[in-house]
Amino acid sequence: MCNSNVKSAGVAQIDGRPVLQPAGNRVAAAPDAARPLKKSLQKSLSMPASYDNNNNATAAARATAPPENTRAAATAAASLLPPTTPARATTKAAGAAEKSRSAKASRKPGAVLPVVTFAALEAFEPAAAGSIAAAQREHAAQAQAQRKMRIAHYGRTASFSRVEGRVGATATATATAAADPAVPASPTGHDEKRCSFITPYSDPLYVAYHDEEWGVPVHDDELLFEMLTLSGVQVGADWTSILKKRHVYREAFSGFSVDAVAKYTEKQMASLSADYGLDLGTVRGTVNNACRILELRRDFGSLDKYVWAFVNNKPLSPSYKYSRKIPVKTSKSESISKDMVRRGFRFVGPTVIHSFMQAVGLTNDHLVSCPRHRVCSSAAAATRV
């Protein structure tokens, strides 16, 4: 039995002393890179000078202790340390050595330096591979927060065009009020401005249309027919381009005479389309609407009586304060559109009819801050009387 133990036993080196022990109980030798780590950690604790003697005494007592106690102490110390790889241990040892040298260089007699813990050492380690995703998520979150801040400030500062438009509109309104006594003065003493969609960059033709025609009640059948046609062809374009071609439409459709246009033949319509560069569908739709107006005259007496009956001969006045509040269609325009479609009219959708209502004064959609708002209201009251 003794021989078997002798064969399975081995000699282990513990603290430089040979110790006879079974082969299965050998203490695994620590990696070469781990030994400098323990020394560097012990040096990097940066304790006060008064603790140096205690450390030396503890090291001497450990050297003279029995091998069993030494092995138990080494095992307990190893269990407290985090598992390290050779590369990581080398990095930690180099960083700890650098810390120790800097601490010794800056140490003053009698100064108490802070104790460096394992958590502090971990904080100075290079970022692990798994933290790259966390850094990317943090970067994405910061970018999202900055984007939200930019969106939150949209529209909070007045743009250059808006400021210039306000100044230009105020000056124009002041000059108009001074030249035309029909334009009422502001009761608050401040100069009024045009509707906000009129800017210094608006075409003068469009500005004149706003100041002279838009919102003024119309009761002439030819002019109602003209504005109905222009509102239909304005879809997909802007009023400025339509107003520039207004004379072309007037010449092509005989001054928007309902009786003359209703008699156009297919050959005349094709000729008008080729001569004036108008869409053939638009020409046919206009001729069809002229025929429908003749039918309305037989039923209602005139187009004027037909359209104004929808508002009880009194223009609507929503009193909008902001141009963004003005809708593209209303329940009233939908009602008129449905009835006109039922009667065979073309190009009379709810949006087209609402634009037509604004143009002929069926609704006064000038902003309350615009001087034309009260002018159009006064004109409607005078017409009713």
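A polar contact here is a pair of N or O atoms within 3.5 Å; within protein, one must be able to donate a hydrogen and the other to accept it, and residues adjacent in sequence count only if both atoms are side-chain atoms. Helices (H or I, at least four residues) and strands (E, at least two) are DSSP runs, numbered from the N terminus. With those two terms, look at the N-terminal end of H10, which aspartate 220 caps: a side-chain oxygen lies 3.2 Å from the backbone nitrogen of glutamate 222. At the start of H9, a side-chain oxygen of aspartate 203 comes to within 2.8 Å of the backbone nitrogen of leucine 205.

Now the source of the numbers. This is a predicted model, where local features need pLDDT of at least 70, side-chain atom pairs count only at pLDDT 80 or more, and totals for chains, interfaces and linings use all residues. Residues are numbered from 1 along each chain as its sequence is written, and side-chain values use heavy atoms, with hydrogens and water left out.

Overall, the protein has 19 helices and 2 strands. Of its 385 residues, 32% are buried, where buried means under 20% relative accessible area, exposed over 50%, and partly exposed in between (1.4 Å probe, protein chains only). Contact means heavy atoms within 4.5 Å. Among contacts with a separation of 6 or more, 68% are accounted for by residues 24 or more positions apart.

Back to H10, residues 221–233. Its 13 residues reach 18 Å from the first C-alpha to the last, close to the 18 Å expected at 1.5 Å a residue; the expected span is 1.5 Å times one less than the number of residues. H10 is mostly covered, with 11 of its 13 residues buried. Among them are Leu224, Phe225, Met227 and Leu228. In H9, residues 204–212, the buried residues include Tyr206, Val207 and Tyr209.

A polar atom of its side chain lies 2.7 Å from the backbone oxygen of methionine 227. Leaving aside neighbours within four places in sequence, serine 231 is in contact with Trp239, Val352, Ser355 and Phe356.

Glutamate 222 is also placed in H10. Its relative accessibility is 29%, so glutamate 222 counts as partly exposed. With neighbours within four places in sequence left out, glutamate 222 is in contact with Phe256, Ser257, Val258 and Arg297. Glutamate 222 and leucine 303 are 81 residues apart in sequence, and 9.1 Å apart in space, C-alpha to C-alpha.

Last, one helix pair. Axes are lines fitted to C-alpha atoms, for helices over the stretch in contact, and angles run from 0 to 180 degrees between N-to-C directions. H17 (residues 331–342) and H18 (residues 350–359) pack at about 115°, with their axes 8 Å apart. H17 and H18 are therefore roughly perpendicular; angles under 35 degrees count as roughly parallel, over 145 as roughly antiparallel, 65 to 115 as roughly perpendicular and the rest as oblique. The contact is made by Lys332, Ser333, Glu334, Ile336, Ser337 and Met340 of H17 and Pro350, Ile353, His354 and Met357 of H18.

That is the end of my part.
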